[in-house]
Amino acid sequence: DRLHTFIRRVRVFKNWYRFVFPFNRSRYNVTAKLRSGATFILRDIRSDDYSTLMSIAADDSYHFSAMHSPRVIVDVGAHIGFFSVLAARRFPEAHVIAVEPNAENYKMLLQNIALNGITNISTQNVAVAGEYGKVTFYTSAHTVAHSLFSDFDGISIDKEEMDAVPL
């Protein structure tokens, strides 16, 4: 299984050595350079940032291969921009709308878009709900598990009121 993990990292990352012990001396704010040409800043290589990137880039969990010339792509819960940036790069004629309600994730989303020089993405720092208004948004220790539901992952740590828009 370790060999399989190593091979996946080499296939996905140009700078794969940054993600393999003992070369991964820096754990925080690591730049991931993908073989596809995309570049991302990961806050922590032992976090949801890394596992989410691997899921999208290595495992094709969003089924890029099944998409054909989309005109609009909406990424609700865009996290720090992995899918949005990869979709915008793969489909430069499409308009990508990245919606991310969490302020910390949103800041990283903007950084990763800028780092890649992407111009066909627009962003919204709001929650998505059934109608316009204010909602209670629950944050989690897991950066991919924030929710409008207080018991979504069982470990919500904070909440805030924020603007919501419908799709």
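Tyr 50 counts as buried because its relative accessibility is 12%, where buried means under 20% relative accessible area, exposed over 50% and partly exposed in between (1.4 Å probe, protein chains only). This is a predicted model, in which local features need pLDDT of at least 70, side-chain atom pairs count only at pLDDT 80 or more, and totals for chains, interfaces and linings use all residues. Residues are numbered from 1 along each chain as its sequence is written, and side-chain values use heavy atoms, with hydrogens and water left out.

**Aromatic pairs**

- Rings of Phe, Tyr and Trp (its six-membered ring) pair if their centres lie within 6.5 Å; planes under 30 degrees apart count as stacked, over 60 as edge-to-face and the rest as tilted.
- By this rule the model has 8 aromatic pairs.
- One of them is the stacked pair of Phe 13 and Phe 19, at 4.2 Å centre to centre with 15° between the planes.
- Phe 6, Trp 16 and Tyr 17 make up one aromatic cluster.

**Helices α1 and α2**

- Helices (H or I, at least four residues) and strands (E, at least two) are DSSP runs, numbered from the N terminus.
- The axes of α1 (residues 2-12) and α2 (residues 48-57) come within 11 Å and cross at roughly 75°; axes are lines fitted to C-alpha atoms, for helices over the stretch in contact, and angles run from 0 to 180 degrees between N-to-C directions.
- The two helices, α1 and α2, are therefore roughly perpendicular to each other (65 to 115 degrees; under 35 is roughly parallel, over 145 roughly antiparallel and the rest oblique).
- Arg 8, Arg 9 and Val 12 of α1 meet Tyr 50, Met 54 and Ala 57 of α2, where contact means heavy atoms within 4.5 Å.

**Nonpolar cores**

- A nonpolar core is a set of buried Ala, Val, Leu, Ile, Met, Phe, Trp, Tyr and Cys residues joined through side-chain atoms within 4.5 Å.
- The largest one has 34 residues, and those with the most contacts inside it are Phe 13, Phe 19, Leu 34, Phe 40, Leu 42, Leu 53 and Ile 121.
- Two or more residues each come from β1 (28-33), β2, α2, α3, β4 and α4, with α3 giving the most, 6 residues.
- A second, separate core of 5 residues includes Val 135, Phe 137, Met 162 and Ala 164.
- Beyond four places in sequence, the contacts of Leu 42 include Phe 19, Tyr 50, Leu 53 and Phe 82.

**Helix α3 and its cover**

- Helix α3 (residues 82-90) is mostly covered, with 7 of its 9 residues buried.
- Among the buried residues of α3 are Phe 82, Phe 83 and Leu 86.
- Their cover includes β2 (39-44), α2, β3 (72-76), β4 (95-99), α4 (103-115) and β5 (121-124).

- Thr 39 lies in strand β2 and counts as buried because its relative accessibility is 16%.
- Leaving out residues up to four places away in sequence, Thr 39 touches Thr 31, Ala 32, Lys 33, Asn 112, Leu 115 and Asn 116.
- His 79 is in the loop between β3 and α3 and is buried, with a relative accessible area of 7%.
- Among the contacts of His 79 beyond four places in sequence are Arg 43, Asp 48, Asp 49, Glu 100 and Tyr 106.
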